[in-house]
Amino acid sequence: MSSVLKADYYDAIVGGGSVSGLLAAREMSSKGLKVLVLEEDHEIGTPEHCGGVVSQKALESLGIIPRLKTIDNEIKSALIRTRNSSFDINSENQRVIVIDRRSFDKELALQAQKNGAEINTRSSIISVRFEESRFKVKIQGGKVFVSKFFVDARGVGTLVNKGKRNIIPSGQFEVYAPWIMKDTIEVIFDSDLYPGFFAWIIPTGEGKGKVGVAGKNINPNLSIEQFLETRGKPYSIVRKIYAPIWISGYVKPFFDGKTVIVGDAAGQTKPTTAGGIYTGGMGGIYAGRAISESVLEGNGSSSLDQYENNWLTRFGSEFDKLLLFRRILERLDNKALDKLFSDISKNTIEKISSTGDFDFHSFALKHFLNTQMSINLMSTLLGNEYRKIVKDLSKI
């Protein structure tokens with residue numbers, strides 16, 4: 001191997017410099033592996049597709065104590081609306097914060113770099129070939145890097161390339177407006193306007209926040225503009241971002257030979273909200289540790305099973321339950337949503353507020369659906385499938 005080729009040879013190359021890819025790089029480089037991260041955009045942390053809502057407990061699990069400049073806001077409540085009904089969840093016990101994803105991702109990049117990882121931006125991968133027991137990763141401009149393992153953290157695009165079609169459009173605007181409540185997230189369900197999903201307002205400070213929508217077959221730009229008009233002026237749009245989201249659960253296998261898939265690329269985003277900082281981040285950590293063991297023990301790819309098993313042990317059952325709830329949501333029209341929301345008791349709301357877990361939604365969702373009206377409604381809507389739902393709910 002020539003000296004030039006040695007300089008471009010790595011234990012692992014990570015395609016994608018977002019949360020899951022950077023955490024995988026951090027874990028591998030901390031074990032002494034030579035790691036390269038290739039990010040197609042001009043800057044780590046942009047474009048900022050994510051709402052940035054996460055619990056402090058989740059960040060601690062990821063091994064992160066965010067700097068003050070990384071935290072945009074603290075959330076005290078969530079206001080959940082349908083067209084004619086609403087309720088308010090107190091989230092203070094759940095320690096929920098909104099992070100600035102641009103600063104947050106750069107913080108992860110710094111952690112990885114301090115461990116020895118190399119990070120290159122404006123490095124769009126145009127081909128990945130495995131031959132002669134190694135990967136040859138070619139980027140735009142023609143440069144080729146070589147590695148033992150390839151970590152695919154390139155997001156939803158990987159799922160599209162695999163022929164997955166259960167992807168829905170979404171958009172998110174950064175907005176300045178006096179009607180944005182500083183410490184309250186708003187979630188708005190409307191089966192006509194946002195079929196299969198919802199609209200949201202995530203405050204990042206006093207009078208400013210992220211306003212977004214997602215739904216099957218919608219025009220995100222038009223939908224957000226119409227939503228803003230319903231709130232009324234004054235408001236100013238300072239940034240617009242559009243991105244597809246995946247809400248159909250994890251996609252196995254998480255590895256194929258020495259190609260390891262993490263984060264959005266592996267469907268590690270919550271089926272209910274498409275959030276993936278915690279779940280995708282842990283995917284990156286588990287993958288990085290498994291690859292490290294494979295390299296250091298010299299056992300090929302035999303340690304990669306640990307990555308998939310560890311992630312499924314932690315999140316598999318939760319995702320299966322959330323997919324169940326998603327099937328219910330997608331069948332509810334606005335009349336049914338109004339009925340469902342109006343039947344939620346004050347005691348149920350208080351119980352969820354005091355004992356709910358932001359990182360594991362199924363506990364709260366079970367209580368939302370565990371009323372007589374909800375049971376009757378689901379039985380009517382879902383027919384024989386309802387029996388399976390009741391059985392699955394009993395396991396939560």
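Two rings of Phe, Tyr or Trp are taken as an aromatic pair if their centres lie within 6.5 Å, and planes under 30 degrees apart make such a pair stacked, planes over 60 make it edge-to-face, and the rest are tilted. Applied to the whole of this structure, which is a predicted model, a search of this kind finds 19 aromatic pairs.

One of these pairs is formed by Phe 87 and Phe 341, whose ring centres are 5.2 Å apart and whose planes stand at 50°, so the pair is tilted. Phe 87 belongs to strand S6 (residues 86-90) while Phe 341 belongs to helix H9 (residues 334-342), and the pair therefore ties together parts that are 254 residues apart in sequence. With the limit for a buried residue set at under 20% relative accessible area, Phe 87 counts as buried because its relative accessibility is 8%, and Phe 341 is likewise buried, with a relative accessible area of 10%.

A second example is the pair of Tyr 250 and Trp 311, which is edge-to-face, with 5.7 Å from centre to centre and 70° between the planes. Here a loop and a helix are brought together: Tyr 250 lies in the loop between S16 and strand S17 (255-256), and Trp 311 lies in helix H8 (residues 304-329), so the contact ties together parts that are 61 residues apart in sequence. The two partners can also be described by their accessibility, since Tyr 250 counts as partly exposed at 22% relative accessibility, whereas Trp 311 is buried, with a relative accessible area of 0%. Both residues belong to one aromatic cluster, which is formed by Tyr 250, Phe 254, Tyr 278, Tyr 307, Trp 311, Phe 315, Phe 319 and Phe 360.

Ser 294 is part of helix H7 (residues 277-297) and counts as buried at 2% relative accessibility; a polar atom of its side chain lies 3.5 Å from the backbone oxygen of Gly 300. Ser 123, by contrast, is found in the loop between strand S8 (118-120) and strand S9 (125-131), and at 5% relative accessibility Ser 123 also counts as buried. In the case of Ser 123, a polar atom of the side chain lies 3.0 Å from the backbone oxygen of Thr 121.

The last topic is empty space inside the protein. Rolling a probe the size of a water molecule over the atoms shows where such space is left. The count comes to one cavity of 30 Å³ or more, and the largest cavity has a volume of about 40 Å³. Its lining is made up of Glu 48, Gln 172, Phe 173, Glu 174, Lys 210, Arg 239 and Ile 241. The elements that give two or more residues to this lining are strand S12 (167-176) and strand S16 (236-246), and S12 gives the most, with three residues.

Note on methods:
Residues numbered from 1 in each chain as written. Predicted model: local features only at pLDDT ≥ 70, side-chain atom pairs only at ≥ 80, totals over all residues. Heavy atoms only, no water. 1 Å grid on protein atoms, 1.4 Å probe; cavity = no way out; pocket = protein on both sides within 12 Å on 5 of 7 lines; lining within 4 Å. Points joined across faces, edges and corners; volume = space filled by probe spheres on them. Helix = DSSP H or I, 4+ residues; strand = E, 2+ residues; numbered from the N terminus. Phe/Tyr/Trp six-rings, centres within 6.5 Å; stacked < 30°, edge-to-face > 60°. Buried < 20%, exposed > 50% of the residue type's maximum accessible area, 1.4 Å probe, protein only. Polar contact = N/O pair within 3.5 Å; in protein donor to acceptor, adjacent residues only side chain to side chain.
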